[in-house]
Amino acid sequence: MTEITLHHAHQTRSMRSLWLLHELGVPFDIVVHPFGKNLRSEAYLKLNPSGRVPALEIDGQTLFETGAITEYLCETFSDAGLGRAAGDAERADWLVWVHFAETITQHCAALTQQHIALYEDHMRSPIVMKLEAARIAKCYAALERRLQNRDYLLESDFSAADISCGYSVYSGRHFTHIEPFPRLCDWYARITAREGFQKSLPPDGERLYPNEFYEVPA
């Protein structure tokens, strides 16, 4: 049996891998880390040299970077149908949307730093906040166009591409509203109603984002 351990911090990028593991329906262990300097410990840096989550231990090897983890897990557990193999007609689109998720998340990470990590008001920049929130909106617009006449990002069905981008929108909603994008709203409601997503949510009192939405200060 494949042995899997996911190193996770609530509401961070590792939630993407956690959601995928729940959707795959495979047994795994989880190690929950606080979101902080502890991720820079010598022991943890052996798992992820950037000092970030996730790190995935699987059968004696360790992977980091959510895109790589998504590809590897979908290939390893291909019977679940969440990936698209080389030669599949949807392979290129699947890869594009799996990795487009990080385009969104980089802007979310910048805003998380501005609103959460920087404790002093003088360290924060309303200009950066406005720019990054607008960039998230542009990503939403790309998803909105993609979702025209389809329920999921691929024509065929729900896949790990929806999980990857779905987490990014979950994070982005803390900074940029999705309501101006009706197809995106419908898709987001559809995928977050899934049991796998619900299982990946943080317990009460253990959220990275205490607020549901962070306004740009005037």
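The model is predicted: local features need pLDDT of at least 70, side-chain atom pairs count only at pLDDT 80 or more, and totals for chains, interfaces and linings use all residues. Residues are numbered from 1 along each chain as its sequence is written, and side-chain values use heavy atoms, with hydrogens and water left out. The protein chain is divided into domain 1 (4–80) and domain 2 (90–200), with bounds that come from an automatic or database domain assignment.

**Annotation and domains**

- An unreviewed UniProt entry places the feature "domain: GST C-terminal" at residues 87–218; UniProt positions are given in the numbering used here, feature names are shortened, and annotations may be inferred rather than shown by experiment.
- Residues 87–218 are 59% helix and 0% strand, with the end C-alpha atoms 51 Å apart. Helices (H or I, at least four residues) and strands (E, at least two) are DSSP runs, numbered from the N terminus.
- Between the C-alpha centres of domain 1 and domain 2 the distance is 20 Å.

**Interface of domain 1 and domain 2**

- In domain 1, 16 residues are in contact with 26 residues of domain 2, where contact means heavy atoms within 4.5 Å.
- About 1,900 Å² is buried between domain 1 and domain 2, 63% of it on carbon and sulfur atoms. Buried area is the accessible area (1.4 Å probe) that two parts lose on being put together, summed over both.
- There are four salt bridges between domain 1 and domain 2, a salt bridge being a side-chain nitrogen of Lys or Arg within 4 Å of a carboxyl oxygen of Asp or Glu.
- Helix H1 (14–24) and helix H3 (66–76) each supply at least two residues of the side of domain 1 that touches domain 2. H1 gives the most to this side, with seven residues.
- By class, the side of domain 1 that touches domain 2 has five nonpolar, six polar and five charged residues. Here Ala, Val, Leu, Ile, Met, Phe, Trp, Tyr, Cys and Pro count as nonpolar, Asp, Glu, Lys and Arg as charged, and the others, Gly among them, as polar.

**Salt bridges**

- The count by this rule is 13 salt bridges.
- Asp 93 is in helix H4 (residues 91–117) and Arg 146 in helix H5 (residues 126–146), so the pair ties together parts that are 53 residues apart in sequence.
- Arg 194 forms a salt bridge with Glu 23, and their closest N and O atoms are 2.9 Å apart.

**Local backbone and loops**

- Val 53 and Pro 54 are joined by a cis peptide bond, with omega about 5°. Pro 54 is in the loop between helix H2 (42–45) and strand S3 (55–58).
- Glu 65 is not a glycine, yet has a positive phi of about 80°. The loop between strand S4 (61–64) and H3 holds Glu 65.
- Phe 35 lies in the loop between strand S2 (29–32) and H2. The C-alpha atoms of Phe 35 and Ala 9 are separated by 5.9 Å, with the two residues 26 residues apart along the chain.
- Not counting residues up to four places away in sequence, Phe 35 touches Thr 12 and Leu 208.
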